[in-house]
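The structure is shown first, and the comments follow it.

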Amino acid sequence: MSQTKILAQLQLMKNHKGTFYVDIEVDGQKLFAYLSNKVIEGGKLYTSPLEGSYYWASINLSNGSAFINQLLPLSQYSEETSGLEYHCYCQRLEDGRIHLITEQSNNHIVLPKQTLSDFAYRIFHNSKVMVTFGHNNSGFFIKEWQTEYPNDIDKGIAINIRKKTDYYLADYYIAKDIYLPVKIESYLLKYEGIYDINEKACINATLTLDDQQKKANISLTLDHQALVNKYNQPKAKLTFIGIKEREGSDLYQFETMLIDGISLLIAIFSYELKFMAEDIVSFQNGQSVSAFLTYKISGKWCNFKIPVAAKNEYNEQFRCITMTSIDNEGMTLLETVEPPHDRLLLPKSELIKQGIYKIHSGVIFGLHITREALDKPWKEKLWHIESINSNFFVGVNNDVGYKSECTVIESWSRYENRPEYVVDLDRYHKNKYKDDIYAFHNHCAAKMTNKYADLLVIIPKSLLVQSGFKTLKPDIKLTIVFSLIKFPMFGIKAATFLCADRLYTSAESMHDGVDESRYVLAEFYEKLGSSGSKEKYRFSIIGSEDTVDFTDWNSQLSGIADLDKYRYKMRIKQNKQYLNVKEMISASIK
């Protein structure tokens, strides 16, 4: 007799040796079909053998002998179907086998991984299934597998994500305790801007089943804004991981901390480094910074980045990050208070035109600014202030004088008639009309500090000259009386700033950078002759027995017929044992 397999319905019995067997009749011949202990111990039976229980059995017939190769429990649906249809609850075991629990009889069927090669891609753990077996000369096989899904399988979540060599494994859940093991390609996570991920992560995903290719295709559907919100509490910590060289602009790459099992990849273009308060160029791997994050979708890619201003007008609250310098030009690094916390660089000159020298880090204030439209993101256009919050001058009222100390911020000289004025000003445009007279010719720039900012203080030249100052160096402190004025100081539009009305500090009270001369009134005493081609005169100082000599280098007195008729105001200075006239200021009739 050639070897063949037959399907039989039977009741298992045991002989005196404890071996399972059954009486069968094949082609009129009675046979004992045995279930060997070797088959049982091999763990390949689909269901456990029990004495007296009924089964479907696949029996191998060979040379007049019969052996039971496989067992299936009798189906409760045998009267309605072929007898090999089972309605079960399906569980996936860790070793890849599938455990089926029949609905009504609570029988157990365990199927090996190889048997399920055509169906494994769509077998959900804890799902309700209908399995129909067939039988041929190779034994039992799965003829049909249907899953009763609790809802649409195309919307679920991927959890328990494990990294393999170049891909990830995950469990795709469509309901509580119902999931399908899936494979996630590494590039899918890169598309989403994810740098690293672990088992704690929970990602929204969609699933499609490809029955032709017999595979499950997973797509990730992350809520990128929700991710950003998690990391922006209060700010994301970014750790430097290296530079990716690109044509045109290198990418400085950072990773975030793991939050809920996910870390993000942050890329900062080299032309965006100026929007960071830190010197990123000198960073070593592992160094960290903190910043708000945003994202941009470009095709398939989600790029997480620092928020840089893309609009050309803002009228909202800003926070000052720091004062910095870009290409030797003073800048103020700001970010919007409200998300997405856009960062921008405001020229320091724009603040100075508003009477503000420096804003303290962390200060929040209202600002309306505009700029020209951007041609390219790396070609930054300068911002211009339309209006600024007046709280910087809180506590200072118009038409009221206040006594305070200020600090000189720029070198000043009474002999310099074209100073830099702290910022670069177009003096020709400002003074091209005769009637347009610059209000503070050769002023001194100083600052005064409050809790919000260092405010610009203008000290007119006349006050400094009257107090005997010839030059002033930065950081010198002066005591003044100032008031708040509004005047088109640096442009056509009037701006609010502080202006000194009185100077309490005199040159005589200082030794660094001061003029040691003094102002006196004097009367003509005698003519001394000439020094070369210039006449020399002697004057007696009123209220003193001293006399002072004057050489008329500029012929100021040569045109005066009667020098005795006048009283002269002059600036004099001691030179060893002599007093000399340094400047003839004015003359008035006695």
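1. Lys-348 lies over the face of Tyr-357, at 3.9 Å from the ring centre, and Lys-183 is placed over the face of Tyr-167, at 4.7 Å from the ring centre. A charge is taken to sit over a ring if NZ of Lys or CZ of Arg is within 6 Å of the ring centre and within 35 degrees of the ring normal.

2. This is a predicted model, in which local features need pLDDT of at least 70 and side-chain atom pairs count only at pLDDT 80 or more, whereas totals for chains, interfaces and linings use all residues. Residues are numbered from 1 along each chain as its sequence is written, and side-chain values use heavy atoms, with hydrogens and water left out.

3. Across the whole structure, a search finds 23 aromatic pairs (rings of Phe, Tyr and Trp, the last by its six-membered ring, with centres within 6.5 Å; planes under 30 degrees apart are stacked, over 60 edge-to-face, and the rest tilted). The ring centres of Tyr-86 and Phe-133 are 5.8 Å apart and their planes are at 80°, so this pair is edge-to-face. Because Tyr-86 belongs to strand E7 (residues 85–92) and Phe-133 to strand E10 (residues 127–136), the pair ties together parts that are 47 residues apart in sequence; helices (H or I, at least four residues) and strands (E, at least two) are DSSP runs, numbered from the N terminus. Tyr-86 is buried, with a relative accessible area of 2%, and Phe-133 is buried, also with 2% (buried is under 20% relative accessible area, exposed over 50%, partly exposed in between, with a 1.4 Å probe and protein chains only).

4. Tyr-187 and Tyr-191 form another edge-to-face pair, with 5.5 Å from centre to centre and 65° between the planes. Both lie in helix H2 (residues 186–191), four residues apart, and are therefore separated by about one helical turn; Tyr-187 is partly exposed, at a relative accessible area of 44%. Elsewhere, ring pairs link Phe-524, Tyr-537, Phe-539, Tyr-566 and Tyr-568 into a cluster.

5. Glu-335, found in strand E25 (residues 329–336), counts as buried at 1% relative accessibility. Its side chain is joined to that of Arg-343 by a polar contact of 3.5 Å (a pair of N or O atoms within 3.5 Å; within protein, one must be able to donate a hydrogen and the other to accept it, and residues adjacent in sequence count only if both atoms are side-chain atoms).
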